[in-house]
Amino acid sequence: MTDTLLEIDRLSVDYETARGDLKALRDISFDVRKGEIVGIVGESGCGKSTLISSILRLTAPNTRFRQGEVRFKGEDLLQLPERKMRDLRGADISIVFQDPMQTHNPVLSIGQQMLDIQHRSKASKADKRARAAQMLGAVGIPDPEARLAQFPHEFSGGMRQRIAIAMALMSEPDLLIADEPTTALDATLEVQIIERLQELQQEFDCAILFISHHLGVIAELCDRVVVMYAGAVIESGDVREIFHDPKHPYTRRLIDCDPGHIKERARVLPTIPGEVPDLANLPGGCIFRDRCDQAMPRCAAEVPPLAQLKEGHHAACWLNHKEAAE
Amino acid sequence: MSLLDVKDLKTSYGPVNVLAGVSFTVEPGETYALVGESGSGKTTVIRAIAGMAPAQEGSVKFDGQEIRGASERTLRPLRKNIAMMFQDPVGSLSPRLTIRSLITEPYRIQGMKDRDLDAEAKRLLEMVNLPAHFADRYPYQLSGGQARRVGVARALALEPKLILADEPTAGLDVSVQGELLNLMNDLRERLGLAMVIITHNLNVVRHVADRMGILYLGRLVEEGATETVFHEPRHPYTRCLLSANPEPDPDARLERIALKGEPPSLLKRPSGCEFRERCPFAQEICTQTPQWEVDNGHGLRCLAPLHQGTAA
């Protein structure tokens, strides 16, 4: 496959702690093709953040890569010398963080910060400034020339997040990682950001890895979805497959829980009782077993593999295996 | 008589006119939701009710008693009846106190020396479905959902008549969010609590609120029964908010109505209708200032409302 941009191949990552190894990511595999928007969905503690920091290799000192590869354009990023990794970050792969209030340096003007991140470019200062203004315009900041002189506190939250997007796209990266970019924003601004990302993705033709726990946003924006639970991929596939025909009980229950799904006022909202298992002391078998209402004896005995059910739809659940149903 | 009667409440921080006259009432046992974007003044409204934010003008009556501008001494006994749930669940719990101390602190503050604090802690934890041994934990040992429930337990300690909840589900995972809302609905029924919930999550409002008010730039622009507002929003801003709610279905293509631009600065309030510059339905008449008009329990501040002629 020549159009594959990023391949996560059987990646396992631990955190060494006093309590023993915390198995933050286990056997993660998925890929992102050129120009595609892939969503990663999962709740707290599912490993989303570890995954992003592993791709960018911005991990905490107690991180241990136990197994697997992170291939970007065919090259394993985990083996790359740090110097080469630095060339990649912000140029080929860039990121938009969750909190727009904390991404910018409060004591430098937006213009200065947008010049600084063009440090690789040989262009003149005036050209860099023009480029910065052009990018601000592209994300819909009115009067960009004048606003370059302003400081982060002079912009609203929604504008700051759009500026962060402008900065991330300035180098025309092949891959943009967006880590919950709309979580800190109001619904109306969330919609603005999503629409802006869709337009820019068309314009710049970059792939986006979009991390969110907001199913509505994922459904609207993404081509494909990867569902994570407690450090493992439990289902992945085309966005329609995932939302219309989920094959893992966790995915199904998660969609049911979303109050956006329930149009009439409900006295009792659906929930998923129980807690995410302790990653330092994982139970055997399927990790979702304790919270699953369809668990069978086999689920305690063996870990279900992430199996292909049809072209482009994978799920890790014994319910999808014919022999189990018999 | 309403349990809570807020009339023409105005708050300014220096030149910033945050609340420009907010009025609403809450009946005993009723849940009222205040909805609005960041900066609309939601938090200021409930902080002003609880006496935690200044309110220069207007009136806040609780059980018929005026509490705006009341001294701390007058307010303290009243706070038995008005409890607050803060927005940041972990941040609102002191990191150096155990959960037992945190949820029984209200008794100490109110000087209720006759209470058996251990027994009360146990009772309160049970009420919010947390195991009794959580009493010995510290806030950092709790998940976000558990910290929220501790917040609920603390708010319930003095058996209040009214709970003011600031974004009670913000930052919670969807699977846990339902649990908290179920718990609040359940407690409300069992204890006959009234609640004011402020949120920007419309999906939450639909399932908990009896009535809702939409706040824009420190003024209510629409108010009514939750069902009515959801099905027949009459203010364009309400309609925009409702349409900005992404659905968990890739084929749902909402008839999305884009809001133009950003909320205007409170330092330079627009003339006429303050929503006019962002409104996709603005008309010539909107340069005039709209008044608050109530028709059949449905309040509206708009000169060019939607669904005209459908009012019963």
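1. In chain B, B:Arg100, B:Ile103, B:Thr104 and B:Tyr107 of α3(B) meet B:Leu117, B:Glu120, B:Ala121 and B:Leu124 of α4(B). Sorted by class, this contact of α3(B) with α4(B) holds 5 nonpolar residues, together with 1 polar and 2 charged ones. The model is a predicted one, and the points below should be read with that in mind.

2. Two packed helices are described by the angle between their axes and by the distance between those axes. For helix α3 (residues 99-109) of chain B and helix α4 (residues 117-127) of chain B, the axes come within 9 Å and cross at roughly 110°. Angles of 65 to 115 degrees count as roughly perpendicular, and α3(B) is therefore roughly perpendicular to α4(B).

3. A further point in chain B concerns B:Pro77, which lies in helix α2 (residues 72-78) of chain B. Is B:Pro77 buried or exposed? B:Pro77 has 10 other C-beta atoms within 10 Å, and because a residue with 12 or fewer counts as exposed, B:Pro77 is exposed. In sequence B:Pro77 and B:Gln110 are 33 residues apart, while in space their C-alpha atoms are 7.3 Å apart.

4. Turning to the contact between the chains, 29 residues of chain B are in contact with 34 residues of chain A. On the side of chain B that touches chain A, the elements giving two or more residues are α6 (174-191), α7 (202-208) and α9 (236-243) of chain B. The largest share of that side comes from α6(B), which gives 7 residues. By class, the side of chain B that touches chain A is made up of 11 nonpolar, 10 polar and 8 charged residues.

5. Chain A has 12 helices and 12 strands, and along the principal axes its C-alpha atoms fill a box of roughly 70 × 50 × 40 Å. How does the radius of gyration of chain A stand against that of a compact globule? A compact globule of 326 residues would have a radius of gyration near 20 Å, and the 21 Å of chain A agrees with this.

6. Of the 326 residues in chain A, 46% are buried. Where contacts in chain A join residues at least 6 apart in sequence, 64% of these contacts join residues at least 24 apart.

Note on methods: Residues numbered from 1 in each chain as written. Chains lettered and ligands numbered in written order. Predicted model: local features only at pLDDT ≥ 70, side-chain atom pairs only at ≥ 80, totals over all residues. Axes fitted to C-alpha atoms, helices over the stretch in contact; angles between N-to-C directions. Helix = DSSP H or I, 4+ residues; strand = E, 2+ residues; numbered from the N terminus. Parallel < 35°, antiparallel > 145°, perpendicular 65-115°, else oblique. Contact = placed C-beta atoms within 7 Å. Nonpolar A, V, L, I, M, F, W, Y, C, P; charged D, E, K, R; others polar. Rg over C-alpha atoms; globule rule 2.2 N^0.38 Å. Buried ≥ 20, exposed ≤ 12 C-beta atoms within 10 Å, placed from the backbone.
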